[in-house]
Amino acid sequence: MDDSGGRLGQLRRILERRDDSEADGPSQPWRIRADGELPTLPVTEEVPLIRTDFSDDAVWEAVRDAVLAPHPQGDGEVFRAEVEPVDDRRFAGLTAAELVARVPADPDCPEEPASPLLVVADATTMSSAEHHLLVVDIDVDENDLVRRLRVLPRAVQMVENNLTTANMGWEEFAEAADDDGVVREV
């Protein structure tokens, strides 16, 4: 199984870069900020689920709970989205690009973002009938290419789990999106 884009791939790149940096000296952090006053996203063990719209607490709580809900599979296994809610008004109204600019470097590998995947509850999430979230992928191997996709709350687990383990690639989810660009099922 090719895990070059998942957690194992990230760990492999970290170890390779550590070996390279020991031989070559210090390297550049993954992102250099012009303004040190910008709040950065927290470094979490899981993918950040970032709230950027604060217009409706009840909708946020319902969306957050739907994303965090367990997803039983036919074989008796239960899967969960490995996300950590970030409910911080400092990120109110920020766009995907502005959030990406606030992703800190990985403490163990400064050449990598702390999280190459973000899940965002934005104004569209709060106002759309299905409350679809924005999933943002940062591909450092492609010059920090930022890709976006809309995903239903119940589908976040499937997308997040498969992307972070490199079970499926970004393109597979993009192709699975309905005509309106929202991933509902794969």
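## His71 and its surroundings

A polar atom of the His71 side chain lies 3.2 Å from the backbone oxygen of Ala69. This is a polar contact: a pair of N or O atoms within 3.5 Å, where within protein one must be able to donate a hydrogen and the other to accept it, and residues adjacent in sequence count only if both atoms are side-chain atoms. The model is predicted: local features need pLDDT of at least 70, side-chain atom pairs count only at pLDDT 80 or more, and totals for chains, interfaces and linings use all residues. Residues are numbered from 1 along each chain as its sequence is written, and side-chain values use heavy atoms, with hydrogens and water left out.

His71 sits in strand E2 (residues 71-72). Helices (H or I, at least four residues) and strands (E, at least two) are DSSP runs, numbered from the N terminus. His71 counts as buried, at 14% relative accessibility. Buried means under 20% relative accessible area, exposed means over 50%, and partly exposed is in between (1.4 Å probe, protein chains only).

Which residues is His71 in contact with, leaving aside neighbours within four places in sequence? They are Ala66, Glu77, Val78, Phe79, Arg154 and Gln157. Contact means heavy atoms within 4.5 Å. Arg154 is 83 residues from His71 along the chain, yet their C-alpha atoms are separated by 8.3 Å.

Just after H5 comes Ala166, with a positive phi of about 60°. Most residues other than glycine have a negative phi. Ala166 lies in the loop between H5 and H6. Its relative accessible area is 16%, so Ala166 is buried.

The largest nonpolar core holds 28 residues. Such a core is a set of buried Ala, Val, Leu, Ile, Met, Phe, Trp, Tyr and Cys residues joined through side-chain atoms within 4.5 Å. Val67, Val83, Val119, Leu133, Val151 and Val156 touch the most other members. Elements that give two or more residues to this core include strand E1 (47-51), helix H2 (57-68), strand E9 (145-151) and helix H5 (156-164).

A second, separate core has 15 residues, including Leu118, Val120, Val136 and Ile138. Val151, in the largest core, is in contact with His132, Leu133, Val135, Val156, Val159 and Val183, leaving aside neighbours within four places in sequence.

Thr125 is found in helix H4. Thr125 is buried, with a relative accessible area of 0%. Not counting residues up to four places away in sequence, Thr125 touches Val63, Val120, His131, His132, Leu133, Leu134 and Arg150.

His131 is found in the loop between helix H4 (123-127) and E8. His131 is not a glycine, yet has a positive phi of about 55°. Is His131 buried or partly exposed? At 23% relative accessible area, His131 is partly exposed.

Strand E5 (residues 105-106) pairs with E6 in the antiparallel sense, over two bridges. Two strands pair if DSSP finds at least two bridges between them. Ala105 has Pro113 as its bridge partner in E6. A hairpin of two residues joins E5 to E6.

Why is strand E6 (residues 109-113) largely enclosed by the rest of the structure? Because four of its five residues are buried.
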